[in-house]
Amino acid sequence: MKTIFQIAKNELRNLFYSPIAWFLLIVFLVMCAYFYTGTTYTWAKLAHLAYSNDPNWVWRATQSGTSSIFLDGDGILVNVLQSIYLFVPLLTMGIISREINSGTIKLLYSSPVKLSRIILGKYLALMIYNLLLVLILSIFIISGFFDIKSLDYGPLLSTLFGFYLLLCAFTAIGFYMSSLTTYPIVSAIASFTVFFVLMSIGRLWQQYDFVRDLTWFLSIAGRTEKMVIGLITTKDVIYYLIIIYLFISFTLLKLQAGREAKPWLVKAGRYVAVIVVGLLMGYISSRPRFTGYWDTTAGQINTLLPHSQKIIKSFDDSPLEVTLYTNLLGAAAQHGLPEWRNIYLKRCWENYLRFNWNIDFKYEYYYDVDSTDATNTVFKQFPGKSLEQIAGEVAKVLKVDVSSFKPPAEMRKLIDLKPEGYRLVMQLKYKDRAVFLRTYGSVEWPSPANIDVALERLRGVKMPKVAFVSGDLERSIYKRGERELFLQVINNDNSGALVNTGFDVDTVNLSTQDIAPDVTTVVLADPKMELGAAALSKLKSYISRGGNMLILGEPGKQHILNPVLEETGVQYVNGKLAQPGYNNAPDMVTPYMTAAGLRIAHEEPALLMNRLWSNGVYDDTLKIQMPSAMGIAYSSDSGFTAKPLFATVPGAVWSKAGKFVTDSVAPVFSPQEGDIQFNAFATCIQLTRQINNKEQRMIVCGDADFLSDRVSYAGWVSRTFYWWLSDGRMPLYSIYPYASDNMLLLSPARATVQRIAYLWVLPGILIFLSTVLLIRRKRK
């Protein structure tokens, strides 16, 4: 070891007695300072401007400041990682070729020191130089401790670790390339070429089963990205160690071949042995059962939440079978092809394989269309062609062999995928049960919430059942239209629809049917006709028994809905709410979500806050729009506890009786015409009471449009309501805690000083020291 360190010391001396090592350090420091101070300076200015305009302003960011400054697309670490490959060839291009050009290679060959020690000593010098680059990056991470509140140091240390491994892997490659040629520039170009190959090889030959996993494993792309987000895996660490082992071994074999006479078969056999050992180590280390994970983030955001871990771990006594069905003629077919297989596994199942590697993945390829679907245009796009001919044409476009896709008749014998619309879909099987897990659009892979629901169904967990009342022209879950409920209830293409988030959905015509005992929530959505005696009686009886219910009403229907609510102490106020304003029609009401509403909003907090900011709301209220709403009056004498979820701004709204004209002058409050003025109107009410050893839950809304398919935010509001009405059983939200590092502590003045110090003073000091050292060296 003493010899290795002595060689490393001499090599470092040679490095720093040349301008290139100093040049790279200075350029690297300037680059890091530019990206870091550019981001922090901008943030500091924006924060100061916001505070000067509003002294009561407080920072309400919900995203991580650590990620924004260091790890996001404009962050210092990401930009450095994307540029570092430009530095390494300049550093390594002469490390061996210099010895060849100067003739000292002969002295190395004839020296009593083992060749392996010489190579390890030289490479150790490069590793020490790499540490200097890491130390330069550490300057800005240390600065982050003083610039960002509660800095999340875990991902930063993880990124530094990944950065160092990447540097060492690149220098090992450049080290070997330097041994192949006497020309440093050729060595640098060869290094760039290998870097490019390793970055791109993961996209090559992915359609071939034989080499798919091999090229995916050899790819260096994406390895450091995991460490950037704070996730260290043993397979990524071992990958870098294997790359270093391979190219250092190649260098040893190359130089050793120059000092001995061996047949070319022996020399080639040594290379093959090194490669086989490396690939075998890589294959074993990349298996899910042998992979270790370390999530370094403060909020464990790279790890499945505890409830998701519990679900996937429950499949422990038998393998979980996952079959991906790809329709050549279906939407997003290309994402199900073999060349996308590793991406599919990475995006959908990698986090689950971490906690249960006993998952068996299968793949089926076919072509088929729903001939009864009037919206299907495949035959119009290929007029006069049969389905088989169309499949052949599409296969040519996608560059796949059509013979590997089963024809419709053969596929239908295996499984009926017509109910799934012949989409790209997964079928999960466990023991004797099977469920479908859908993809959405073109293509949105299922989220952990969707996957968890499918797994729960597979375990036999009973889902909450929602029954929508029909028969009196209520809003329909089967029709597509701006006033209907199809998109958010049963649309298979919507990842947030009730059927995809853990609910069983059905309709019930109360004139001829009873409410089933297994129904957990009944929805009465804006009936247009008088409820018959049978329907009214069944609804009242259901409420009396303690059933949960969601009631959506529209102005003019008070006489239909108020009889249903008699027992609850809630009644719709006569008339339509008026809120004249400059930008909206007078019947467009903008109530705010109350404290009670926020407490049941089991949605991502960041989503709620982002809605505030995107809607121009900078206070502590979340406002929505209710077109054509009515107020709700309530009392506490009925046994129900009533709390408003949405309420109008005090003094700004009244209930207009009689005819409401929206396309003329703004209406005015007129008590003589029966108008009603409260301090504030509740437009959505939460009702609870204890009955039959359970809590009965009801929500009554004075508007149905704000939960219809026409409104963009209807999905998250309705999911919030259904989550509460199902006693918090579904949906299974994947909610991570707030980022605590969400405040910048840097003032504009200190940011200016910091910018000058990092961008000019520190590089100036390095330039001065390097100049003095090189001049003194030249004089000697």
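These are my notebook entries on a few things I looked up in this structure, which is a predicted model.

**Overall look**

I started with the whole chain. I counted 28 helices and 20 strands in the chain. Of its 780 residues, buried ones make up 52%. For the accessible surface I got about 36300 Å², and carbon and sulfur atoms hold 59% of that. I then turned to contacts between residues at least 6 apart in sequence, and found that 76% of them join residues at least 24 apart.

**Asn 327**

Next I went to Asn 327, which sits in strand 3, a run covering residues 320–327. Is Asn 327 buried or exposed? I noted a relative accessibility of 3%, and since buried means under 20%, Asn 327 counts as buried.

I also wanted to know which backbone oxygen the side chain of Asn 327 reaches. That turned out to be the one of Tyr 422, at 3.2 Å. Tyr 422 also shows up in my list of residues touched by Asn 327.

**Cysteines**

I searched the whole structure for disulfides and came back with zero. Cys 168 has a relative accessibility of 2%, so I put it down as buried. Cys 684 is buried too, because its relative accessible area is 0%.

**Nonpolar patch**

Then I looked at the surface. Which residues form a nonpolar patch there? I wrote down Ile 756, Trp 760, Val 761, Ile 765, Phe 768, Leu 769 and Val 772. Together they have about 710 Å² of accessible area.

Leu 769 belongs to helix 28, which runs over residues 748–779. Its relative accessibility is 44%, so Leu 769 counts as partly exposed, the class between under 20% and over 50%.

**Lys 310**

My last stop was Lys 310, found in helix 15, residues 306–313. Lys 310 counts as exposed because its relative accessibility is 66%, and exposed means over 50%.

Key
Residues are numbered from 1 along each chain as its sequence is written. This is a predicted model: local features need pLDDT of at least 70, side-chain atom pairs count only at pLDDT 80 or more; totals for chains, interfaces and linings use all residues. Side-chain values use heavy atoms; hydrogens and water are left out. Helices (H or I, at least four residues) and strands (E, at least two) are DSSP runs, numbered from the N terminus. Buried means under 20% relative accessible area, exposed over 50%, partly exposed in between (1.4 Å probe, protein chains only). A polar contact is a pair of N or O atoms within 3.5 Å; within protein, one must be able to donate a hydrogen and the other to accept it, and residues adjacent in sequence count only if both atoms are side-chain atoms. Contact means heavy atoms within 4.5 Å. A disulfide is a pair of cysteine sulfur atoms within 2.5 Å. Patches are made of residues with over 30% relative accessible area and no salt bridge: like charges are joined within 9 Å, nonpolar side chains (Val, Leu, Ile, Met, Phe, Trp, Tyr) within 5 Å. Accessible areas come from the Shrake-Rupley method with a 1.4 Å probe; for residues, only the protein chains shown count as cover. A salt bridge is a side-chain nitrogen of Lys or Arg within 4 Å of a carboxyl oxygen of Asp or Glu. Lists of a residue's contacts leave out its neighbours within four places in sequence.
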